[in-house]
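Visitor: Please take me through the place where the two chains meet. I would like a close look at that one part.

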Amino acid sequence: MMRNLPTTWDMETGLVSIGSGIGGLSAAITAYDEGAQALVLERSEQVGGVTALSMGEVWVAGNHHAAALGLEDSVESGFRYLKRLSMGYGNDLAILNKVVHARHALRYFEERMGLQMRVIRNCPDYYYRTTDDSVAEGRMLEVVPFAAETLGEWQSKTRLSPQMPYGLTHHDMFERGGVANMMKWDFALMGERLSKDERCLGPGLAAYFVKGALDRGIPLLTGSMAQELIGDGERIVGVRVTRDGKDLFVKATRGVVIAASSYERNQDYNKTLGQQLELGSMVFSTIDGSNFRLAGPVGARSARVPDITSLGFVVPGEEDEEGKPLWRSALPVIGQPHTIVVNRKGKRFGNEAFYRSFYYTIDIIDGGNQTHPNFPCWVIIDSQVREKYPFGAITPGQDWPAGLGAIADTIGELAGKIGIDARELEATVATFNTHADQGEDPEFGRGRHPWSIWMCGDPFHKPNPNLGSLVKPPFYAVELKRMGGTAIPAVGLLTDHHSRVMGWDDGPIEGLYAAGNSVARMETGAVMQSGISNARGMTYGWLAARHATGHPSGLLKEEIKRLGL
Amino acid sequence: MIEAEQSVVVDVGIDDVWHYVKDMQRWAGMMPGYRECTLIDADDSRWTLKVGVGGLVRTVKVLVHVEEWDEPERVVFSYQLEGDPVRGGGSYHARRKGAHETEVALRVRVEGSGPMAPMWEAMSRPLLPQLAKSFAAKLKAEIEAAVRARP
């Protein structure tokens, strides 16, 4: 352990959270409730972190909301679900730890902080009907809309999402046919919520935790970049921070929690850690690998799990608040009816409606000729999509933005415009159309996952909500680009079941904790499930603070004993 | 349809206020997110604005047409977003309160059209009052500063 103590400390607190997403805030709030002082450092000028950019889903197996609705579930079932899907790339103890504690952390923040959550009805697990222990609904939770005016001066400093329709809940959207059926949404309700600044989805979830910190008087220091950890030779005891161009030495008597998300805005790390080339990103520029930069010098161990590369596109004229092109995820678009994705040979190469399967194909390397056979790729739609469904932010009735992709009256002409073989593309569309009219996709099984139907299908479209032929001109093609998975990383800091960061000597680094996307995904291994990222932020922050304040959870031991593991 | 109204008292006489607002380029320059204004003719102009909604910043082009110039009290205008199914209009009313005091009432409305009209109006609902307030404050500040700066 290094010893780099300053001559004097500028500030002293109990626990320091680096990052103001759900991980850092849950740690600070719990530490305060356990009798310690706490402080949150946020590098940007807004709090809420990547949590605020998310759909706000929180995946908790065996939660009390599902039980109250009579939906059957348990810790054991949630554990088996993740264990099976992790394919051995995870760690059984980490899986159980997450499942056991998420439900307790949920109750804790509801009872102590005023978090209000409810089950997203009819929202299935990704692998519902594909694997045992999956559920049709019950594990996916979302917040009750949050009145942001209660944040006072922090209302404008608590992050919003440029991509998510945060004036509506999942319930509001999906009872009217989901994302594809945006035309049927209740926009009067949305307008009312936006006017009153009532936040749903990720912005709502983040706001609850910001409010929890504010209610406790926990200082939220924005514009404060953690530069290095400070050790006393035995443990981590503080952080050197730069704020307003000056060094600030912050002493942390209980510990430091790194909850600064991952590295998606660092292309070097994307390539060398994630094995991903030049990614577009929905997240802001401070998500650049601070977790490794800070914890690396004190000997923290990293770990990697199999990962996927997402796809997205940029609509000309759209920017984020930092003035950078705004990335839109292809996920909700490419599984809609009348839509396919093809590679440079003009062929489909997977089930576009189930991203967990489809995105594994993007970076496949053909060793025979050292190419990526499925990248570049293009999404192809017909005019029925333009009439009925959103395409990113482009809604029915809106002009197709100049400079976005190609438009043509025939499939053959479209192929020529994007530089792929016309006959191949025509054949691909013809084959797809024949099967789509029957509601089938014998080649890739599109439209068979209930989650695909829920997420990007049109439940009013028959016979299959994810399949519809491409017949109506003009036709459109947009090249899809590689994109990060909203800061859900392949590589993170290895932690133990108290969220202590582990060293390469397999022992914990005393005084150093991590939460959220800064942590290696040993509880998911090869799989990801929507809602897990927010759940692991909330859970690991809570666990870290419990341990740092001298009240470590003993639940894991009890569960191991109870389950006879 | 969504509407907003905002009044402001400018500490300048009505003729001086008119002298300032009769230039449509100045109106454009007072819009939040203003980037560019191209005058097409005496009554028509194209404004380029960067509009921020909940973390999203979008560049929009707006065709503005002045329907009435009624010196020194009234301007009536209409507008249409290029590429988006959104149109609207509004008015400027000035009332003499004193030799060096003018009350200005601004009205603006947004009308979505097509299948997503309710969405466009919902998005405009929180935006419009902020826009009117910001525009009125800037109008007052700029006119008063311009008059003060006169030799």
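Guide: The side chains of Glu319(A) and Lys50(B) meet in a salt bridge, 2.6 Å from N to O. A salt bridge here is a side-chain nitrogen of Lys or Arg within 4 Å of a carboxyl oxygen of Asp or Glu. Between chain B and chain A, the count is one salt bridge. This is a predicted model: local features need pLDDT of at least 70, side-chain atom pairs count only at pLDDT 80 or more, and totals for chains, interfaces and linings use all residues. Residues are numbered from 1 along each chain as its sequence is written, chains are lettered from A in the order in which they are written, and side-chain values use heavy atoms, without hydrogens and water.

Glu319(A) has another link to chain B: its bridge partner in β4(B) is Val57(B). Two bridges join strand β13 (residues 310-319) of chain A to β4(B), and the strands run antiparallel. Two strands pair if DSSP finds at least two bridges between them. Strands (E, at least two residues) and helices (H or I, at least four) are DSSP runs, numbered from the N terminus.

Now the whole interface. In all, 19 residues of chain B are in contact (heavy atoms within 4.5 Å) with 25 residues of chain A. The two chains bury about 1,800 Å² between them, 62% of it on carbon and sulfur atoms. Buried area is the accessible area (1.4 Å probe) that two parts lose on being put together, summed over both.
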